[in-house]
Amino acid sequence: MTKRMVQIVVMFLVFFSFHTSGQAKVFIDVGDGSKLEQELVVLSDYGGITITPNEAFRVNEALTRYEMAEFLVRTLQLDLEVSAIPTYADIAQDDERMPVIAAITEARIMSGFEGNFNPDAIVTRVQAVKTLEHVYQLTGQSKLGYIDIKTNHDAYATIQAFIANGIFIPAKNEKFNPNAQIARGDFVSYLARILEPTLRLTEPKEPVYESCVVETDKKRYVVDVAVTNMWNKSNQTRNIDYPSKKDPVDMQKWVSSLSVMQKKWLVGKTDTQALYGDEVTLIEKKGKWSRIAAKDQYVPYLKAGYPGWVPESHVAVTTKNYDDCAIAVVTAKKTTLINEINKEKFLEISYATILPVVKTDDTYYHVETPNKGIKLLKKSDAKTYQKYSDIPKPTAETIIKEAKRYLDLPYLWAGTSSWGYDCSGILYAVFRTHGIMIPRDSFYQAKGGKAVAKKDLQPGDLVFFAYNGGKGKVYHVGLYLGGGKMLHAPHYASKVKIENMNQGAYKRNYSGARRYL
């Protein structure tokens, strides 16, 4: 090979190496070419992080005190061989995290409280900016500000300095939400912009909008999985039920794996289900199980709602209030929420799921999740209203058309999600999606609405069947279609179907009808 050819090959290899490395993702959950990607590269240059393209940075997860300490210790290149190891009641002297905690303590950047360092405690937005201001001594004033940070707020000067230096810039009528948790992605963005002035902002990062979310001192409990089974006793699940018990749940895998007899076993074991974002009341705890009450599922014996036991990981605690937010009601059979930053899939959710909307764009509703921040919901898969009572009253034709979408869906005892319905669950879901919260169970549905004589039946009415020739307890419900036909989910070995209600057991056990339209 000639000398010239060697030079060409070397140049090609250098170019190819640069090109491929330049195309590699910094983390799998950080978008290529995004501003966050640039910020993470800068932070990596300072030693603050190690880029790992095959791992997630966990951009939207809440920042802990230890994580903040580690980012700062590495970025400042503090000596981990400190002269004195501090004594914290919650951190052992030989804990692998102690060198970082000792270094941040000796530098007087962070310290403990009442003898504890609290490494896993969540950092609030105001705690984060105060810590960064203390380290980097930012100063400055701005004419801009956040509507919830008044001049008498103890963080006013700090936040003014951050705005003046372009670390963040508020949009019109935007709130800072000082006591909200700060995401890992936001913290490293602020840190990188402090270190590298070319990354700083000159205009608001977000479009102008007025936040509808209000931070409160009141705890609220919400379902934090796509759908959770509510059991009548704690800890009575079988091995085969694990996909429905883990976090996140895999309802499709669970439902598909159940045999007919395994479905039958659920009768009397599970009572109902609650969907992602549903507000619940926490009644009691037992081990790793929580007894909750589903607020929107009526039962006459408990004001808080329908009770049942769920794995404790299926419920999140929040102090955010969304009463001023619009709502998005999922109208697709199923849809997938998407991460804001990298547009990757986050979570598949069911028909009839209702989530608060904080803003919209041409393609998505930006919805709040129980504890994973804002996610994107396709506009084509949901409808939005300022409040639930604004949903227009449906026609019988609408209700029937909706219910027919689930023909041939396998029956699931206690099911209220589009992975499987029982007889009353499918009607509860369809009516809920159209602004009418009917009771959850058939025997309570049979007491609501307006009583209708059989000769006056109209399409869209609910028809009921009871033991003892129709005179006993109601055990089944169907949606009347007209002409003696009903749509219903018969039993654990069947599917959603249309049948004649005027023959066989249905004729013998007919007990009445109710109109909710």
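1. Buried here means under 20% relative accessible area. Cys 423 has 8% relative accessibility, so Cys 423 counts as buried. The model is a predicted one.

2. The whole structure holds one disulfide. The bond runs from Cys 212 to Cys 325, with an S to S distance of 2.0 Å. The link of Cys 212 and Cys 325 is right-handed, at 95 degrees about the S-S bond.

3. Where do the two cysteines sit, and what does the pair tie together? Cys 212 is in the loop between helix 7 (184–195) and strand 1 (214–223). Cys 325 is in the loop between strand 7 (315–321) and strand 8 (326–330). The pair therefore ties together parts that lie 113 residues apart in sequence.

4. Now the nonpolar cores. In soluble globular proteins, nonpolar side chains tend to be buried together. The largest nonpolar core in this model has 56 residues. Ile 426, Ile 438, Leu 462 and Leu 479 touch the most other members. Helix 12 (residues 423–433) gives this core its largest share, seven residues.

5. Which residues does Leu 479 contact, leaving aside neighbours within four places in sequence? They are Ile 399, Ile 400, Ala 403, Leu 427, Gly 460, Asp 461, Leu 462, Lys 485, Met 486 and Leu 487. One of these, Leu 462, is also among the residues that touch the most other members of the largest core.

Methods. Residues are numbered from 1 along each chain as its sequence is written. This is a predicted model: local features need pLDDT of at least 70, side-chain atom pairs count only at pLDDT 80 or more; totals for chains, interfaces and linings use all residues. Side-chain values use heavy atoms; hydrogens and water are left out. A disulfide is a pair of cysteine sulfur atoms within 2.5 Å. Helices (H or I, at least four residues) and strands (E, at least two) are DSSP runs, numbered from the N terminus. Buried means under 20% relative accessible area, exposed over 50%, partly exposed in between (1.4 Å probe, protein chains only). A nonpolar core is a set of buried Ala, Val, Leu, Ile, Met, Phe, Trp, Tyr and Cys residues joined through side-chain atoms within 4.5 Å. Contact means heavy atoms within 4.5 Å.
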